[in-house]
Amino acid sequence: MHTGKTVTEQLSVMQSCLFNGNTEQAQRILVGMYQLYPQAMQEVVDVAIHNEILSGLFRAKPRPLVSEALQWYDVMENQYAIEPNSNTFAVLIGGFVK
């Protein structure tokens with residue numbers, strides 16, 4: 001199995017979903033990849049991917065998904081052991097001031 005290629009391809013699909021405003025689908029893809037490829041995800045996924053999800057939740061139409069963004073932040077830290085960075089906090093602050 002070409003796990004690395006599969007993960008990279010799925011991350012591209014996830015990013016397309018975010019670009020098109022389909023944040024729920026992007027989240028499902030990312031969660032599914034963590035379930036199917038836990039080792040590869042630890043090697044490939046970093047805080048930037050999770051920041052994209054957070055940003056997508058705040059850009060959601062017709063209203064920002066603030067509660068969902070906070071839940072994702074918790075999952076990011078506690079379930080996936082991703083440490084937030086300054087960009088993470090910039091996304092969160094920006095989402096709250098809109």
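In this predicted model, threonine 23 has a relative accessibility of 6% and therefore counts as buried, the cut-off for that class being under 20%. Threonine 23 belongs to helix H2, which spans residues 23-36. Leaving aside residues up to four places away in sequence, its contacts are Cys17, Leu18, Ile53, Gly56 and Leu57.

Glutamate 24, by contrast, is exposed, because its relative accessible area is 53% and the class begins over 50%. The side chain of glutamate 24 forms a salt bridge with that of arginine 28, at an N to O distance of 3.8 Å. Both residues are part of helix H2, where four residues, or about one turn of the helix, separate them. The count of salt bridges in the model comes to one. Side chains of opposite charge can pair when their charged atoms come close.

The largest nonpolar core comprises 29 residues, of which Leu11, Met14, Leu30, Met41 and Ile53 touch the most other members. At least two residues of this core come from each of helices H1 (3-19), H2, H3 (38-44), H4 (47-59) and H5 (66-78). The greatest contribution is that of H4, which supplies six residues. In soluble globular proteins, nonpolar side chains tend to be buried together.

Key: Residues are numbered from 1 along each chain as its sequence is written. This is a predicted model: local features need pLDDT of at least 70, side-chain atom pairs count only at pLDDT 80 or more; totals for chains, interfaces and linings use all residues. Side-chain values use heavy atoms; hydrogens and water are left out. Buried means under 20% relative accessible area, exposed over 50%, partly exposed in between (1.4 Å probe, protein chains only). Contact means heavy atoms within 4.5 Å. A salt bridge is a side-chain nitrogen of Lys or Arg within 4 Å of a carboxyl oxygen of Asp or Glu. A nonpolar core is a set of buried Ala, Val, Leu, Ile, Met, Phe, Trp, Tyr and Cys residues joined through side-chain atoms within 4.5 Å.
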